[in-house]
Structure formats: C-alpha cells, structure tokens
Amino acid sequence: MISALPTIPKRARLPDRVSASAAGQLLTGQCRLRLLASRTFPPDARRLPPSIWSMRGDLIHDVIDAVSKNAFMNGKGEWARVQWQGTAEATARHAFALVVAAREAMWRITPERAHWVPLDGLFERLEWKELRREAISRARKYAANREPIIPVRTMRGGAAAAWIPLLPGETRTEAWVRGDKWKLQGKLDHVQLSDRGHLIVRDHKTGAILEEGTDAIKSAYVAQLRAYALMAREVQGLEDADVELWVDGPNECSRSVGGTSAELAAFAAALEEGTRQLELGLEANLESLAAPGHASCAHCGLRHACPSYRAWAPAGWLTDEAEGKWPFPLDVWGRVAKVVSEGEFHRIQLICPDQVVRQVSRVRSTWFAEPPSVDSELFFFGLATSDGPSRGVYRHPKTFNEWDAAPTRRAWSLSVFTGQ
Ligand code: SF4
C-alpha cells in the first residue's frame, strides 16, 4: 500500500560527528544533506530501498568479509562458520552461496522484501555472473584454513563503545571505530597491526577506484582512507605514526594511498576546516545543505523526501543526457491523466511537472486500495525501463514499468507515494 510523500524537516540538529566516508565526500563538494541526513531524517519515514549498484556492492563486501572472518551473519541474525573447503577458491565459492542464502532467508520473512527472492532474479543474467565472479575472485585472497575470527563489535550503528587495542600481528575486519579528535566515526574493512607495531588499513571498493580517464585514485577514497588512518592512530595511541593505506578495487586492482605522518597532518587540517563550517552538533537549516546533482542524487535514499531533488530533477528529464555518465535515477511523478486496469496490473499515464506525458506500465494493483483517480498526484521512485542508451547516450525514458515481461528487469526497488 502507498502512503503520502514524506518530507525532511526544515530544521534539525546535525550529528556531532561524520562518518569517514562522508568526510571524504564532503571535502569533494558532494551534497551535505545526504552525507549528514542519517540522523536528521524523520524516524517514521523510510529511506528508499537500495539501488541495484548498492545491492551489488553490499553483496561483494559481505562475501569478502565472510571469508576474512571465516564467519558470516546467517538469516537469523547469528554468526555462523564458513567451513574451509580445501582451497581458497572453493571456500570463496562456498561463502558466496552462504551469503546469498542468508540474505534470501532474511527477505523471505519480510513482507515488503519477499519479492526480492531469489536474489539472482534482481539482476540481468550476465550482471549476476559478473557479480559472482568478482565476489569470488576478490574474496579468495582473504581465505585461509583457520578458526573463525570472532567478530569484535566495538560499535554498532554509530553507538559508541571503547575500542579494544589491536595486539601486534592482530587483524580485525569490519571494525567500528570512532575518533574524538576530528569528530569522525566509521567501519574499517580491514585493519592490522603488524608484528613491528605498524598500522595497515585496507578498504574494499566494488566500483572503479580511479578518477575517470586518469591513473589517480578517486580523491574521495583517498580522503576516506586518511580519515580511517587518523582514527586508527588515535584509538591505538600511535599518533604521528605513518599508516600503510590500501584501496582494493575490482579485477584484483590494489593501490597504495599515501599515509605518511606529513600527508595525514595536511589532511587533518583540511578536515578540521571543512567540518568547522558544518557546525556539527548544532541546529541547521536542512534545505540549505542540499546540493542536488547527478553524482549525489543517483545514489541517495532520500530522493522522495527531498524538496531540492524534486525541484531539480524534472529539468534533467528534458535534456538528452544526464551529465553523459550514468543513467538518471529512474523516478517520475505527476498528475494522473489516465489509468487502464489490466488484470492484476494498472497502466498509468502521468502529466509530469515538465508537462510531458509519461507512462508507467504493469504497476501492481496491490499498491492501491482502488485505482488512482484522474488528477491525483503520484510519485514513483526506483522504476525500471527497457530503454537502453541510444548511440551511447542515455535519455530519461518516457515509458517505465514496474513488472516487465522480462522478469530480471522488474522494478523490485520501487516505492510509490501519493501527494502530501
Ligand atoms: S536527493 Fe540529492 S539533494 Fe536531496 S539529499 Fe539526496 S543527494 Fe542531496
């Protein structure tokens, strides 16, 4: 069933610290509302479901983590063993199957996610094959015939807890940490204290790690790694030490990021300046923090509640190309012009804010108590389309669907709202 469109409050208190990944993006000018919104979003309103790209990244991450720990979170919220299968490759394959089964078990009993099972049905066949290959080839590097590392939950969901210092030779994965000095918090994918007392931090990325067309690591990732290094040094009592920083990307690409004490001091100064302007911990006008743009909004779970996005997006629907790089979010909204009921589906035509008529086909009738009336307002976020790029250029489509004839192209992450 659908509900009225939520909206973010005009004013709210900002969190008193930022995540390390947000710190990296803040310094590269991304939307500050998105990066700080987790605590300001009204608790009774849901974020949009993850995009297909986030789903892919989370899955690869979970498989690497399961193999690194020899343990994974099963569908009942308990840690379970990943058994050694004789080789690193076989163990990584086994972990992949366990992680997928655990997610499916969890979703099967969640009414609004039950239709996400089976998980491979959310992806095109070739996309799924590539995802599986990437997850297994990344994870096998971390497989070893050893006892499970019992996950040390030093922090959960941003709540503070004391960091237990690493011993020489110890490795920890998915380790929550918070540093008070620079108002940071985050989860380290992989942190190790070498036998000689040297800190090594690794971060796993599932998308490209280089700036497009260059050999340079994305500046947001460099900043994120350095933010991790500042926190790791602080909680280990190793301030002013160099930290070895690595970012692991697709296709077994692993790159070192500078983490000398001089580089970390320069980064700390920039971070201090950037976060000072944010007035962390104080009340702020939230709309003034919004900076709609393709790179930020495409992955943002607040699109439905964000007045700035809703004001900005329709202008982009009219252009031929969404900054030429990535499909625009598949969202559309407007006043209902026509509804055709076809069995268990509706075909809905909308007059959109740019006065163009767009159609959403095969919308499940179970969304509505009764068919939507003409002239009512409807908002669709996370649709699917059969349209591909034309001559390499992606255009915002005029025809969308929820439940396409091709089952792998269905809009499984769709959210529908009425006007406020
Ligand atoms: S939808 Fe765009 S402008 Fe709004 S919070 Fe998200 S990233 Fe920022």
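Where is the place of F417? I looked it up in the model, which is a predicted one, and found F417 in strand β17, residues 415-418.

I then listed the neighbours of F417. Leaving out residues up to four places away in sequence, F417 touches I2, S3, A4, L5, H304 and F379. I also noted L378, which is 39 residues from F417 in sequence but 5.9 Å from it in space, C-alpha to C-alpha.

Helix pair. I turned to α3 (residues 52-69) and α4 (residues 88-108), whose axes come within 9 Å and cross at roughly 125°. I recorded α3 as oblique to α4 because of that angle. The crossing of the two helices is right-handed. On the α3 side I found L59, D62, V63, A66 and V67 making the contact, and on the α4 side T91, A92, A95, F96, L98 and V99. By class, the residues of this contact are nine nonpolar, one polar and one charged.

Ligand. Which residues come nearest to the ligand? I counted 13 residues around it, and C31, C297, C300, C306 and Y309 come nearest. I looked for helices in the shell: α2 (32-36), α8 (294-297) and α9 (307-318) each supply at least two of its residues. The shell divides into nine nonpolar, two polar and two charged residues.

Conventions: Residues numbered from 1 in each chain as written. Predicted model: local features only at pLDDT ≥ 70, side-chain atom pairs only at ≥ 80, totals over all residues. Helix = DSSP H or I, 4+ residues; strand = E, 2+ residues; numbered from the N terminus. Contact = placed C-beta atoms within 7 Å. Axes fitted to C-alpha atoms, helices over the stretch in contact; angles between N-to-C directions. Parallel < 35°, antiparallel > 145°, perpendicular 65-115°, else oblique. Left-handed = near helix turned anticlockwise from the far one by under 90°. Nonpolar A, V, L, I, M, F, W, Y, C, P; charged D, E, K, R; others polar. Near = placed C-beta within 6 Å.
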